[in-house]
Amino acid sequence: MRSLPVPAQADIPAIFRNPQTRPAGLFEDGKLLACVIPERDPGLRWGQGPCLYLGYIHTLPDQPDDITRLITLWASDFAARLDLRLVRTETLARHAIDAEPVAALLHRLTGMGWDVQGSGPGREGDRVARLELAAESRPGLSALIGCRVHEPQAAPSDRGSA
């Protein structure tokens, strides 16, 4: 996975520079390997109940899937610490979700514990595959990942309702 939910027309640098945005980064030896914008209850048009939403996930190119696995483990644990049952995200799917290259990506993600919840329009209007992950407390994860992430706030109400 090189990136998950990146709207086709998004100005990604502007999103991360926005002072209202509170991105999280995954660093190793001072090198940024991945970044994401975690949100609480973002007003998705799909899925039931509150969640931790991972928006605008980006990983450094030419890195192994271990980064994706670390993001998955961290997100599951972080959601549990926030007393949320689920993590949700979206990935671009311009074609059917059982067609390549989306099918291979979804196969890797389901192998990491994500569940595909179908496809449809995403938050930014692009066609996406919808993904959910169960929250799970992972107390031993702190030995692998040091988490210093601000608790995400609920998304502004102008994004629409669920």
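# Questions on a mixed sheet and its helices

Biologist: How many bridges pair strand 5 (residues 115-121) with strand 6 (residues 127-134)?
Modeller: Helices (H or I, at least four residues) and strands (E, at least two) are DSSP runs, numbered from the N terminus. Two strands pair if DSSP finds at least two bridges between them. Strand 5 and strand 6 run antiparallel, and the count of bridges is 5.

Biologist: What is left out of the side-chain values?
Modeller: This is a predicted model, where local features need pLDDT of at least 70, side-chain atom pairs count only at pLDDT 80 or more, and totals for chains, interfaces and linings use all residues. Numbering starts from 1 along each chain as its sequence is written, and side-chain values use heavy atoms, leaving out hydrogens and water.

Biologist: Which residue of strand 6 is the bridge partner of Val 116?
Modeller: Strands of a sheet pair through backbone hydrogen bonds, either parallel or antiparallel. Here, Val 116 has as its bridge partner in strand 6 Leu 131.

Biologist: Which residue in the turn between strand 5 and strand 6 has a positive phi?
Modeller: The two strands form a hairpin, with 5 residues between them. Phi is about 95 degrees at the turn residue Gly 125.

Biologist: Which strands stand at the edges of the sheet?
Modeller: The open sheet has 6 strands in the order 1-2-3-4-6-5, with mixed pairing. Each edge strand has a single partner strand, so one side is left without a neighbour in the sheet; these are strand 1 and strand 5.

Biologist: At what angle does helix 2 run to strand 3?
Modeller: Axes are lines fitted to C-alpha atoms, for helices over the stretch in contact (heavy atoms within 4.5 Å). Angles run from 0 to 180 degrees between N-to-C directions. Helix 2 lies across strand 1, strand 2, strand 3, strand 4 and strand 6. To strand 3 the angle is about 160 degrees.

Biologist: How far does helix 2 (residues 66-81) reach from its first C-alpha to its last?
Modeller: Helix 2 has 16 residues. The expected span is 1.5 Å times one less than the number of residues. That expectation is 22 Å, and the helix comes close to it, reaching 22 Å.

Biologist: Is Asp 77 buried or exposed?
Modeller: Buried means under 20% relative accessible area, exposed over 50%, partly exposed in between (1.4 Å probe, protein chains only). Asp 77 is found in helix 2. Beyond neighbours within four places in sequence, its contacts are Glu 136, Ser 137, Arg 138, Pro 139 and Leu 141. Its relative accessible area is 8%, so Asp 77 is buried.

Biologist: Why are the buried residues of helix 3 (102-111) on the same side?
Modeller: The buried residues are Val 102, Ala 103, Leu 105, Leu 106 and Leu 109. The arc is taken over the directions from the helix axis to the C-beta atoms. They are on the same side of helix 3 because they cover an arc of only 160 degrees.

Biologist: Which exposed residues sit on the face of helix 3 turned away from its buried side?
Modeller: The buried residues pack against helix 2, strand 4, strand 5 and strand 6. The face turned away carries His 107 and Gly 111.

Biologist: Where does Pro 101 lie?
Modeller: Most residues other than glycine have a negative phi, and most peptide bonds are trans. Glu 100 and Pro 101 are joined by a cis peptide bond, with omega about 5 degrees. Pro 101 lies in the loop between strand 4 and helix 3.

Biologist: What is the relative accessible area of Tyr 56?
Modeller: Tyr 56 is in strand 3. It is not a glycine, yet its phi is positive, about 50 degrees. Tyr 56 is buried, with a relative accessible area of 10%.

Biologist: And what is the relative accessible area of Asp 83?
Modeller: Asp 83 lies in the loop between helix 2 and strand 4. Its phi is near 60 degrees, a positive value in a residue other than glycine. Asp 83 is exposed, at 71%.

Biologist: How many disulfides does the structure hold?
Modeller: A disulfide is a pair of cysteine sulfur atoms within 2.5 Å. Cys 35 is buried, with a relative accessible area of 18%. Cys 51 is buried too, at 2%. The number of disulfides is 0.
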